[in-house]
Amino acid sequence: MESQARGVEATPLLRKRDDKQGWFAGVGLFTTRRDDASGASRGARAVLALGAAAMLCVGAASTSAGQGVLSSLSASSSAAAENSVFTSLGRSPGVAVGQLGDDPAFKHAENIVKYPTPLPDVDFSGKTLLIVMGHPFSGTSALEGLIGTGSGVTDLCKSGTWQCEDTWLLKYMDFNMEPGVDEWNEYYPVDAAGYAYAFKHFALTWWDMSKPLLMDKTPNLLAHYRTVVDAAAKLGVPVKFVLLTRHPFSWTSQTHPFNQGLWMELMQFSLQVLNDPSIDVHQIKYEDLAWNMDETIEKLQEFLPQLGELNPWGSALEEPEGEAAKEINGDRAMGIAEYFASEPLEWKPLQLDDETFQMLCAVGYNNDGECEY
């Protein structure tokens, strides 16, 4: 769904915005020098964990990309970085720092634990860890809302955390990390033991353990999927991944406009996931949800047979209360079918670098000449 999200909940590190763009202090964001027609830029790190505003997605696909594609495309992303300037709004004037304990998630005493304080045992028999991931602002929340209409899945929404994601919950477990900062770096302070602890805690608090599928929708898990695999192994629970990808031509958001360099930076993580034969992953294309909704849902159910029937006219995400919450969450609680009925998906060709077309081909897009470059 087209998100109107311009901020996040009043979390402990929330910096209430004064700027017109809706960014928050304490989160390293980026500005871009646009020196060519493509607008290529790169800003791979801190902007990302502000979460998945509700854009839509679904549609199974797979890729047969060669193993050599990733390294060749990496050079292009590095070149684009030369035109990017990282700034920190943490020192921006007129921005107030939120107080610890202001946000709904913090007010749930169950969320406040200190890793590695021992937790009670959890029986994960018959359960599957379901990780939903993708680029921020590309539609992961809407996808989560669709998946959540299935009778066989449970999520983290009752915790009160931002967009039902795990980032702030990890912060409250006393991991040495800051939501929104360096979440896509190779080094991340939550290792396999840490994620195993977190999943165990979710099972004890927010997941409905009568359900077979335990969902964690957090975009930056895309960069740390191998750590999640190792964490699941520690718990003795299988893990499945649902990966959302989105074509630049359908990225029509004015709130979070398409950024070619950043898209390339993050799509390399998607390519790694799709090229990893050791994991169980299902690719969903944002565009297929709008244009091939029934088939897309059917294939998703085939991948997750425990999911049950899905209702594209509904959403598992709650309707936000209050004007401030509605500004944050936008249309995230609207069913995908209702959304696309009122806002048909647009397809607007852009001038892109050859390397971007090559990446599109590598991750399974080939209907618009992507594989001709």
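This is a predicted model: local features need pLDDT of at least 70, side-chain atom pairs count only at pLDDT 80 or more; totals for chains, interfaces and linings use all residues.
## The nonpolar cores

The largest nonpolar core holds 57 residues. Leu129, Ile131, Leu170, Phe199 and Phe241 have the most contacts inside this core. Several elements each give two or more residues to the core, among them strands β6 (128-134) and β9 (239-245). Helices α3 (167-172), α4 (192-205) and α11 (354-362) are also on that list. Helix α6 (260-274) is there too, and α6 gives the most, with nine residues.

A second core is separate and has 26 residues. Its members include Leu146, Val242, Leu244 and Leu289.

## Around phenylalanine 241

Which residues does phenylalanine 241 touch, not counting residues up to four places away in sequence? Its contacts include Ile131, Met133, Tyr225, Val228 and Val229. Phenylalanine 241 also touches Ile279, Asp280, Val281, His282 and Phe303.

## Strand β8

Strand β8 spans residues 213-217. Five of its five residues are buried, so the strand is largely enclosed by the rest of the structure. Leu213, Met215 and Lys217 point one way from β8. Leu214 and Asp216 point the other way. In a regular strand, side chains alternate between the two faces of the sheet.

What partners does β8 have? Strands β6 and β8 run parallel and are joined by five bridges. Valine 132 stands opposite lysine 217 of β8. Strand β7 (residues 153-154) also pairs with β8 in the parallel sense, over two bridges. Here threonine 154 has leucine 214 of β8 as its bridge partner.

## The disulfides

How many disulfides are there? The count comes to two. With bonded cysteines counted along the chain, the pattern is 1-2, 3-4.

Is each cysteine of the pair buried or partly exposed? Cysteine 157 is partly exposed, at 22% relative accessible area. Cysteine 164 is buried, at 5%. The cut-off for buried is under 20%.

The other disulfide joins cysteine 361 to cysteine 371, again with S to S 2.1 Å. The torsion about its S-S bond is about 100 degrees, so this disulfide is right-handed. Cysteine 361 lies in helix α11 and cysteine 371 in the segment after α11, so the pair ties together parts that are 10 residues apart in sequence. Cysteine 361 is partly exposed at 28% relative accessibility. Cysteine 371 is partly exposed as well, at 41%.

Methods
Residues are numbered from 1 along each chain as its sequence is written. Side-chain values use heavy atoms; hydrogens and water are left out. A nonpolar core is a set of buried Ala, Val, Leu, Ile, Met, Phe, Trp, Tyr and Cys residues joined through side-chain atoms within 4.5 Å. Buried means under 20% relative accessible area, exposed over 50%, partly exposed in between (1.4 Å probe, protein chains only). Helices (H or I, at least four residues) and strands (E, at least two) are DSSP runs, numbered from the N terminus. Contact means heavy atoms within 4.5 Å. Two strands pair if DSSP finds at least two bridges between them. A disulfide is a pair of cysteine sulfur atoms within 2.5 Å.
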